[in-house]
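Hi everyone, thanks for coming. Let me put the structure up, and then we'll walk through its spaces and its helix packing together.

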Amino acid sequence: MNKEILDIYERNESIHNLYVSILNREIISLHDKKSAHLINIRSMTKSIVSLLIGIALKKEYIDSIETPIHSILHDAPGQITIKDLLTMSSGFDIDDKDLYRLVQNSNDWVRDILNLPLAGRGTFRYKGVDYHLLSAIISKTTGLSMSKFAQSNLFSPLGINDIEWETDPQGVTVGSTGLKISFESLIKIAQILVTNGIEKTNDIIPNDWINLSTENGIRTNLSYGDYGFGWWIKTYKDSKIYRALGSGGQQILTYPKERISIVITADPKKFNHIESETLSNKILDIVTS
């Protein structure tokens, strides 16, 4: 088994780091010493934000995912809920490719996102603005920037102290991307996901939140699968798998039925999500055969 996975890794120089485990028993862990210690995980950041929303709910900073966001961000349209942001179905009328232009011309991202026109609330549309608003909500409700809330309530309890996280001009932690973290720390996050419901993960992330986040997917027209609360959901051998995905092939995959974790980081200029998914599926085939 290990040799087959090693062969896949060695044949593709675009893959920087690869970790595979079953029930947190390491099958293989491969590291490219030339890659940066802190990895820009790009849109995988959204999955971390989802975990933080679950923690904020557990600690009662947030009442419910059905809470209208205008009760926290008072300039927001009245009908949008936290759940709408989590499933990227808020209706804010912007494509993700236009986000860069918005933030380049803005000194207050939250204000300018809230002023966007609305179209199609309740329908999935991939856009990072929803997750930036979730960061602002965490900040408003906890009194801490999302990065500080994360450090106290997620990262430090997991023994993670090596992160960098971008902020907007108002000091709001970027919610859609911008988290840099080590490969070893990604493994720690993957471990707590795969032990959901078995070990005392509920002390950090509520077990029911992980289940809720990965079982309530909204339909998308994208090949990644349905979209849960920050996680892409598909099936493998008729059972659920869910992924955190970042551009350039960055990935955490969890296969709950077999308690399998796969973590991949790669060169974003030479690798993509299709290659990353093909790679993780091959590894699933190997370890479940």
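**Cavity, pocket and helix contacts**

The count comes to one cavity of 30 Å³ or more. Here a 1 Å grid is laid over the protein atoms alone, and a cavity is a set of points where a 1.4 Å probe fits but cannot get out, whereas a pocket is an open set with protein on both sides within 12 Å along at least five of seven lines. Grid points are joined across faces, edges and corners, and a volume is the space filled by probe spheres set on the points.

A word on the model: it is predicted, so to speak of local features we need pLDDT of at least 70, and side-chain atom pairs count only at pLDDT 80 or more, while totals for chains, interfaces and linings use all residues. Residues are numbered from 1 along each chain as its sequence is written, and side-chain values use heavy atoms, with hydrogens and water left out.

Back to the cavity. The largest cavity has a volume of about 40 Å³. Its lining (residues with an atom within 4 Å of a point) includes Ser43, Lys46, Tyr126, Trp232 and Arg243. Which element gives the most to this lining? That is β8, with three residues; α2 (45–58) and β8 (239–246) each supply at least two. Helices (H or I, at least four residues) and strands (E, at least two) are DSSP runs, numbered from the N terminus. By class, the cavity lining has six nonpolar, three polar and two charged residues. Nonpolar means Ala, Val, Leu, Ile, Met, Phe, Trp, Tyr, Cys and Pro, charged means Asp, Glu, Lys and Arg, and the others, Gly among them, are polar.

Now the largest pocket, which holds about 560 Å³ of space. Of its 25 lining residues, Ser43, Lys46, Asp96, Tyr126 and Thr177 are the closest to the centre. Helix α4 (99–104) provides the largest share of the lining, three residues, and α4, α5 (109–114) and β8 each supply at least two. The pocket lining has ten nonpolar, eleven polar and four charged residues.

Lys46 turns up again in the helix packing. α2 and α6 (residues 129–142) pack at an angle of about 35 degrees, with their axes 10 Å apart. Axes are lines fitted to C-alpha atoms, for helices over the stretch in contact, and angles run from 0 to 180 degrees between N-to-C directions. Lys46, Val49, Leu52 and Ile53 of α2 meet Tyr131, Leu134 and Ile138 of α6, where contact means heavy atoms within 4.5 Å. That set divides into six nonpolar, no polar and one charged.

α2 also packs on α7 (residues 146–155): their axes come within 10 Å and cross at roughly 75 degrees. That makes α2 roughly perpendicular to α7, a label for angles of 65 to 115 degrees; under 35 counts as roughly parallel, over 145 as roughly antiparallel and the rest as oblique. Among the residues in this contact are Ile48, Leu51 and Ile55 of α2 and Phe149, Asn153 and Phe155 of α7. The contact has eleven nonpolar residues, one polar and no charged.

Last pair: how do α1 and α10 cross? The axes of α1 (residues 2–11) and α10 (residues 273–288) come within 10 Å and cross at roughly 165 degrees, which means α1 is roughly antiparallel to α10. Glu4, Ile5 and Ile8 of α1 touch Leu279, Lys282, Ile283, Ile286 and Val287 of α10. Those residues divide into six nonpolar, no polar and two charged.
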